[in-house]
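Subject: The structure we talked about

Hi,

Here is the structure I promised to pass on to you. Have a look at it first, and then read my notes below.

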Amino acid sequence: MSIRKDAVAGQFYPAQKDEIIEMLQHYNTIVDEALQDASVLDLSPRAIIVPHAGYIYSAFTANIAFRVLQNSHPKRVVVIGPSHRVYLESTSVALFDRFETPLGDLSIDTSLAKELIEKFGLHFQPDAHAEHSTEVEMPFVKYYMPDATVLELVYGKEDPSKLAKVIEYLLDDKETALVISTDLSHYYDIEKAKRLDSICLDAVAKIKPKELHQGCEACGKIGVEALLLAAKNRELKPTLLDYRTSADASADKSQVVGYMSAAFS
C-alpha cells in the first residue's frame, strides 16, 4: 500500500493531532460568538476556495469554508492546488492509496484518479505531490469529513478551460465536493495588497473569470479561474466567507499575504 506522506506537518500546520483539534475548536468558538450573519453556516456548498498558508496565518479563513462544506456530506473531496516546488506540465493526479495526516489517514479514490487520467489526459508525477498547497487542506477534510475519500490534483502549466472541464465532470457527481486552494497577493504593503486582492474577491463574487486578469495575483489563479468557469456553466452561486491578511496574525503591515475563502452552492 502506497502512502502520500505528509511533507509539511510541523511546518505549515501542527504535527500533533491534539494541537490541530484545539486550534479548530478555538476558531469555531470565535465564529460562533462573532459572526454577524450566522446563516452562512447553513450553506451546503459543492465547492470552496480556501488559502494554504501556515495555519497561524490562514487556518481561520480556511476553517469557515470547511465547516460549511461538511453540511454537504460529500463522499469524496477533490483538492486542487498549484505546484510551488517542481515544474509541472498540465495536472498531476495522486495515485497513492492513502493520504497521511496527523488526524489519521484518508483513503484516496484511486479508481477516480485513473478515470481522470484516462478521460482528460492527466498524469501522475510523484515528485509534484510533496506539495503544501494541497496538503494543508487534508487535516480539515479529516476533521470535518472523516469518512470521505480524497483526491489530490496538483497543476503547473495548465489551461484553466481544460481544468474547468475536469471540475465540471467532478461536479456532475452530487457526492463529490471540490476544494480549490490559493493564497492571494504576496508581500506588498497592506494597502496595495487589499487593492489587488479586491480584484480577486470581486471576480469570485460576481463569477467573472476575465476580471482575474486585471490585477489579481493569486498564486492559484488558474484553479480559481477554472472553478469560476465551471461554476458559471453549472449555475453555482458564490458566497464570500472571509478575507484577511497575514497582518491579522503578525501585525506586520509592510509585507503581507492575502487570504480568502468562498463557498459555491
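In helix H8, the buried residues are Gly223, Val224, Glu225, Ala226, Leu227, Leu228, Ala230 and Ala231. Buried means under 20% relative accessible area, exposed means over 50%, and partly exposed is in between (1.4 Å probe, protein chains only). Helices (H or I, at least four residues) and strands (E, at least two) are DSSP runs, numbered from the N terminus.

Before going on, please note that this is a predicted model, where local features need pLDDT of at least 70 and side-chain atom pairs count only at pLDDT 80 or more, while totals for chains, interfaces and linings use all residues. Residues are numbered from 1 along each chain as its sequence is written, and side-chain values use heavy atoms, with hydrogens and water left out.

Back to H8. This helix covers residues 221–234, and its 14 residues reach 20 Å from the first C-alpha to the last, close to the 20 Å expected at 1.5 Å a residue. The expected span is 1.5 Å times one less than the number of residues. What lies over the buried residues of H8? The cover includes strands E2 (47–50), E7 (149–155), E8 (176–181) and E11 (256–264), along with helices H6 (160–171) and H7 (190–206). Just after H8, Glu235 has a positive phi of about 55°.

Next, the core. A nonpolar core is a set of buried Ala, Val, Leu, Ile, Met, Phe, Trp, Tyr and Cys residues joined through side-chain atoms within 4.5 Å. The largest one has 81 residues, and those touching the most other members are Phe66, Ile80, Leu116, Leu151, Leu153, Ile167 and Phe264. Helix H2 (residues 55–69) gives the most to this core, with nine residues. As for Ile80, its contacts (heavy atoms within 4.5 Å) include Leu153, Tyr155, Leu163 and Ile167, with residues up to four places away in sequence not counted.

Now the aromatic rings. Rings of Phe, Tyr and Trp (its six-membered ring) pair if their centres lie within 6.5 Å; planes under 30 degrees apart count as stacked, over 60 as edge-to-face and the rest as tilted. The whole structure holds seven aromatic pairs. In one of them, the ring centres of Phe96 and Phe124 are 5.3 Å apart and the planes are at 85°, so this pair is edge-to-face. Phe96 sits in the loop between strand E4 (91–93) and strand E5 (98–99), and Phe124 in the loop between helix H3 (110–120) and helix H4 (132–135), so the pair ties together parts that are 28 residues apart in sequence. Is each ring buried or partly exposed? Phe96 is buried, at 17% relative accessible area, while Phe124 is partly exposed, at 28%. Tyr143 and Tyr144 also make an edge-to-face pair, 4.8 Å centre to centre with 85° between the planes. There is also one aromatic cluster, formed by Tyr13, Tyr55, Phe66 and Phe140.

A sheet comes next. Three strands form an open sheet with mixed pairing, in the order E1-E5-E6. Two strands pair if DSSP finds at least two bridges between them. E1 and E5 run parallel and are joined by two bridges, and Arg4 stands opposite Phe99 in E5.

Finally, look at Asp32 in helix H1 (residues 17–34). Asp32 is exposed, with a relative accessible area of 52%. Beyond its neighbours within four places in sequence, Asp32 is in contact with Leu41 and Arg67.

Happy exploring!
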